[in-house]
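Biologist: I have not worked with this structure before and would like a close look at a single part of it. Please start there and then show how the rest is arranged.

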Amino acid sequence: MTSNTTTHPETEIVADDTVPAVRMTREFNAPVSSVFRAHTDPALYARWIGPHELTTTIGEWDCRTGGEWSYSSTDADGNAYDFFGSFHEVRPNELVVQTFTYAGFPDGVSLERLTFQDLGSGRCRIVAVSLLDSFESRDMMIASGMEIGIKEGYEKLDDLLAAEDSTD
Amino acid sequence: MGLPAEDGLSRVFAALADPTRRDIVVRLATADATVNELAEPYDVSLQAVSKHLKVLEDAGLVTRSRDAQRRPAHLEAEVFDLMKKWIERYQRQAEARYVRLDQLLTELDEEDTPSTGNEGATT
């Protein structure tokens, strides 16, 4: 009963039109218990969450209702990007609900709902929904990708806006 | 340090946060239009539509020709190409993260499998 076909072999991103949310769907050729563990065990989480160029260090990690979490990603130049939030619901191999804040923008917070689905044959699917407080924040999150590598995008827009200003 | 055009970007997203302005953008994507034309479907004054257009103009999303008296508004598609690229990059970053998770899961699987055991050619 093995099948190599996947509905979501690559991460699928959907930006909702009606609520300021982003939905990510991804399938794994691994049991749901392992994928759940990789999201809730801090030592494992630190091994995959940050980009290769960044070193991720876990601060707090109390993975239960009301528990807090934090981690810091540091680049080669020593710039640190800090993230924190709290766990609201943790149901083994099924669900993690948590809040997420980038410390560089402390007024912003997103509500993260991560569901795990057992697909059988040692495979699973996760659906991660991030709900933000406005479409503006949601689009900002998409545009920034939260971290690095965005400079050229901003610069291009900068040029465009500067060109607009100069015509006034 | 910092993001060079954060203010510009904020203006773009603030401009698009309003449903009427998003609707105007969608309509301008089809064709240029004057304030009068844009105001038609809405139950609002020409002045209100002009105000919305001004916000879109300030954000660099819309330009208006200066010569013609009717001054049709024009959508700057380049900005939207940029946003499409951002979404693609966001997708690539997420995928790269999950590819790292794939690798970790493979490693975990190898750690869990006894070195003497061979479960056969399951993939």
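Which residue in S7(A) does Val97(A) stand opposite?

Modeller: Val97(A) stands opposite Arg113(A) in S7(A). Please keep in mind that this is a predicted model. Its scores are ipTM 0.75 and pTM 0.66.

The pair belongs to a run of strands in chain A. S6(A), residues 95–102, and S7(A), residues 110–120, pair in the antiparallel sense, and six bridges join S6(A) to S7(A). S6(A) also pairs with S5(A), which covers residues 80–91, again in the antiparallel sense and over six bridges.

S5(A) and S6(A) form a hairpin, with three residues between the two strands. Asn93(A) lies in that loop. The phi of Asn93(A) is positive, about 65°, although the residue is not a glycine. Most residues other than glycine have a negative phi. Asn93(A) is partly exposed, because 16 other C-beta atoms lie within 10 Å.

Ser121(A) sits in the loop between S7(A) and strand S8 (123–131) of chain A, and the phi of Ser121(A) is near 50°. Ser121(A) is exposed, because 12 other C-beta atoms lie within 10 Å.

Within S7(A) itself, consider Gln117(A). With 15 other C-beta atoms within 10 Å, Gln117(A) is partly exposed. Leaving aside neighbours within four places in sequence, Gln117(A) is in contact with Cys124(A) and Arg125(A). Gln117(A) and Val32(A) are 85 residues apart in sequence, but their C-alpha atoms are 6.9 Å apart in space. Val32(A) is included in a separate core of 17 residues, along with Ala30(A), Tyr45(A) and Trp69(A).

How far can this part be trusted? In chain A, confidence is highest in S7(A), at a mean pLDDT of 97, and lowest in helix H4 (residues 151–166), at 46. Over residues 145–162 of chain A the pLDDT is below 50, and that stretch has 37 contacts in the model beyond near neighbours in sequence. The pLDDT is also below 50 over residues 1–6 of chain A, a stretch with three such contacts. Where pLDDT is low, the predicted coordinates should not be read in detail. Chain A as a whole has a mean pLDDT of 82, with 80% of its residues reaching 70 or more.

Chain B has five helices and two strands, in the order α-α-α-α-β-β-α along the sequence. Of its 123 residues, 21% count as buried. Among contacts in chain B with a separation of 6 or more, 46% join residues 24 or more positions apart.

Helix H2(B), residues 19–30, is a simple case to follow. Twelve residues at 1.5 Å a residue should span 16 Å, and the end C-alpha atoms of H2(B) are 17 Å apart, which agrees. Arg21(B), Ile24(B) and Leu28(B) are buried in this helix. The buried residues fall within an arc of 55° seen down the axis of H2(B), so they line one face of the helix. An α-helix has 3.6 residues a turn, so residues three or four places apart point the same way. On the other side of H2(B), the exposed residues are Pro19(B), Val26(B), Ala29(B) and Thr30(B).

The two chains come together in the largest nonpolar core, which has 27 residues. Those with the most contacts inside this core are Ile142(A), Val12(B), Ala15(B), Leu56(B), Leu61(B) and Val62(B). Elements that each supply at least two residues include strand S2 (21–28) of chain A and H1, H2 and H4 of chain B. H3(A) gives the most, with five residues. Leaving aside neighbours within four places in sequence, Val12(B) is in contact with Ala59(B), Gly60(B), Leu61(B) and Val79(B).

Chain B averages a pLDDT of 79, and 80% of its residues score at least 70. Confidence in this chain is lowest in helix H1 (residues 6–16), at a mean of 74, and highest in helix H4 (residues 46–58), at 91. The pLDDT stays under 50 over residues 1–5 of chain B, and over residues 117–123 of chain B it is below 50.

Methods: Residues numbered from 1 in each chain as written. Chains lettered and ligands numbered in written order. Predicted model: local features only at pLDDT ≥ 70, side-chain atom pairs only at ≥ 80, totals over all residues. Helix = DSSP H or I, 4+ residues; strand = E, 2+ residues; numbered from the N terminus. Buried ≥ 20, exposed ≤ 12 C-beta atoms within 10 Å, placed from the backbone. Contact = placed C-beta atoms within 7 Å. Pairing = 2+ DSSP bridges. Expected span 1.5 Å × (residues − 1). Arc of directions from axis to C-beta. pLDDT = per-residue confidence, 0-100. Core = buried A, V, L, I, M, F, W, Y, C linked by C-beta atoms within 7 Å.
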